[in-house]
Amino acid sequence: MGNTDSKLNFRKAVIQLTTKTQPVEATDDAFWDQFWADTATTVQDVFALLPAAEIRAVREESPSNLATLCYKAVEKLVQAAESGCPSEKEKQIVLNCTRMLSRILPYIFEDQDWRGFFWSTIPGSGRAGMDDMEDEDEGARPLAESLLLAVADLLFCPDFTVQSHKKGRPDSVEDMQSLDSCEYIWEAGVGFAQSPPLNYIHDINRTELLRLLLTCFSEAMYLPPTSDNSILNPWVTFFCSTENRHALPLFTSLLNVVCAYDPVGYGIPYNHLLFSDYREQLVEQAVQILIVTLEHEGGQPYRPPSPSSMEDQDSVGPNNLFVNYLSRIHREEDYDFVLKGLARLLTNPLTQTYLPNSTKKIQFHQELLVLFWKLCDFNKKFLFFVLKSSDVLDILVPILYYLNDARADQSRVGLMHIGVFILLLLSGERNFGVRLNKPYSLHVPMDIPVFTGTHADLLIVVFHKIITSGHQRLQPLYDCLLTIVVNVSPYLKSLSMVAANKLLHLLEAFSTNWFLFSAPQNHHLVFFLLEAFNNIIQYQFDGNCNLVYAIIRKRNVFHQLANLPSDPGTIQKALQRKRKSPDAISRTSSQETVSMEGSRPAVPAEPGTLKASLVAMPGIDKLTEKSQVSEDGTMVAVPQTEPPQTPEHSAAAGTSDTESISGRDNEDVFYTEAEMARRRLSSSSSSAVSHWNPNPDWVLSWKSKLPLQTIMRLLQVLVPQVEKICIDKGLTDESEILKFLQHGTLVGLLPVPHPILIRKYQANAGTAMWFRTYMWGVIYLRNVDPPIWYDTDVRLFEIQRM
């Protein structure tokens, strides 16, 4: 009954607020207290009882009342942060104010005129506290700062969000000002050894406060995409500055809570159906706060520290303290804790049990992938630790699972991109290629052909599946997928027959006349594949008889490429064929085999699924920079050549013709990815490609650079020998031929090995913008209960219904 009363009272207060045309005085506590003092409403109630239309009406018609409501709610939080919420009533007031602000803030952000409101100072809100009336504006804090500092204090409030360390008298309250929050870190892990007892009330309260924090940070959603990376989010900048005395313990708490979480719990089947897991909600909010705070290294520090405090900092590092702390994690056991935690969570949705739906499956794998990306990006020692052992494969397998599972679903195109970027980043390091040689024995049910082989085979089979049976919008990723294959190819000791056939099927599909001529960049894909074959033949010939055999069997593909016609008639004929069947590449595989047992086919999005739009990614030549691997294994950057290369130096020197010539990746232009896919090569009616008119000179300009010498020499030497064996022994049996190839050698017969070229990922304004839109799009769509941003005027991306 009490709950119905409090809902009614809250609704009455809202109606009064929306109908009052005269400003209500800030001192009228009887009026303002109705919103938080006597009510026990849930966050869902607040969202239901305070409709969007009414918030907007107050904003337009009685702005001073909306301003006072925000100010009073912040004031309550500041007072609670000072007192430490000793009573239950005060704790309830904090939760009510937190929910109220989470509801209202998006409507403040969507209106340009209101955006600065929280950064203005309120008379009498001196830095010393709300009662400090003299020197009114001297050192007055903007409302946003007061709010952020109060939330940070409340996240370490004994008996509210952390376990109290006070023994004895229940009425003794810990002094919030002198409390050392480093002793109250929420979970054991990085830099903290004790694991406090689980307390679901504390978890719920932390989750509410983190939701408010995330809402504060979400101002970024209301600004259109821009490539200007110097524009920082003022909420994040202040919160992650030295002004926040809890920055270190909070960063550590968030990271440890995420990495220590085990969704399977005590291993009791169906336990997630019997009781709510409050820790999961906390972990979701924690990982979202982490990826948002880690977006920027931070510009100038919020206020220049005095010279004396400068000397205390042992290393300056990034001004964003969260980024700073992340980049300085260095103990092996900390790396191990983080990596094992992330791998456990990423693998969770793949776990198979004999009882259907008996284990809990987490839904926040996209946020975890962004967090893993940030760790590798800001902490290079962590990246090397990941690649030092085969633990990297515990990250690789779930990523390949997600890529394969999402390949037909257009609402998950962002997940496809982040997965591919992580693999591109890892593939720039030699150790990744070496690790892929480990046999793949896990049997995660995936909708791919059954094979026996290594993790490299798994990667190639999944990439082939994405290209041949993914949706059209994935075409801009083909360059990235094949760049990864090229980067790892010099280290692959023995490909299985299944993987070798898949690579040759891709070459066959990409080297048809109509595909090569139908868009200005399509021939790059052939260059990538030839480069991968050359790397394997020159550096790993001994173990790769399956690939050599597949090349011999498909030798006509290489001969056709060498003799590619470039006369106008053939070009026109090929383009007419494209108009008849504009499908990207042949969908019939070389040898389609049975899929793994227990796997489900990849399916398109359900109609009605919401998705957030994304800006387009820069082209592969903007995403990567070339490095040459020298004799001792070190990498040397290759200076960027100007795109139109001279034919003679290219193929011989091992560079490939995959530079972008079309100028389509002007970094300051942001297309949506849909527009980008259209501009690239999907249907012939698309504006950019329909004006494309290939001519003989263009074909010759790159045909002369096709790196075919090594393969032609291999065919010249081996084909006669293989044919002779077949005639002499009347053989039709592959195994004899493979045995011959296995023991054969081409030493001294091939051209001089070319230097190994690795294309390493490099960040730029375009990728930074892509990450921002992707991250906020995920956060928008994942926060549906309550729907914090739903139906507000978000400008960073569009929400589309499938």
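In the predicted model, Trp776 contacts Leu214, Phe217, Ser218, Ala220, Met221, Val292, Glu295, Leu796 and Phe797, leaving aside residues up to four places away in sequence. Trp776 also belongs to the largest nonpolar core, which comprises 249 residues. Within this core, Trp776 is among the residues with the most contacts, together with Phe35, Phe118, Phe217 and Leu423.

Helix packing was examined for one pair. Two packed helices are described by the angle between their axes and the distance between the axes. Helix 22 spans residues 478-488, and helix 25 spans residues 523-539. Their axes lie 9 Å apart, at an angle of about 10 degrees. Angles under 35 degrees count as roughly parallel, so helix 22 and helix 25 are roughly parallel to each other. On the helix 22 side, the contact involves Tyr478, Asp479, Leu482, Thr483, Val485 and Val486. Helix 25 contributes His524, Leu525, Phe528, Leu529, Glu531, Ala532 and Asn535. By class, eight residues of this contact are nonpolar, three are polar and two are charged.

Cysteines were considered next. A disulfide is a covalent bond between the sulfur atoms of two cysteines. The structure contains zero disulfides. For Cys157, the closest cysteine sulfur is that of Cys85, at 4.2 Å. The cut-off for a disulfide is 2.5 Å, so the sulfur of Cys85 is too far from that of Cys157 for a bond. Cys157 is buried, with a relative accessible area of 0%. Cys376 is likewise buried, at 1% relative accessibility.

Definitions and conventions: Residues are numbered from 1 along each chain as its sequence is written. This is a predicted model: local features need pLDDT of at least 70, side-chain atom pairs count only at pLDDT 80 or more; totals for chains, interfaces and linings use all residues. Side-chain values use heavy atoms; hydrogens and water are left out. Buried means under 20% relative accessible area, exposed over 50%, partly exposed in between (1.4 Å probe, protein chains only). Axes are lines fitted to C-alpha atoms, for helices over the stretch in contact, and angles run from 0 to 180 degrees between N-to-C directions. Helices (H or I, at least four residues) and strands (E, at least two) are DSSP runs, numbered from the N terminus. Angles under 35 degrees count as roughly parallel, over 145 as roughly antiparallel, 65 to 115 as roughly perpendicular and the rest as oblique. Contact means heavy atoms within 4.5 Å. Ala, Val, Leu, Ile, Met, Phe, Trp, Tyr, Cys and Pro count as nonpolar, Asp, Glu, Lys and Arg as charged, and the others, Gly among them, as polar. A nonpolar core is a set of buried Ala, Val, Leu, Ile, Met, Phe, Trp, Tyr and Cys residues joined through side-chain atoms within 4.5 Å.
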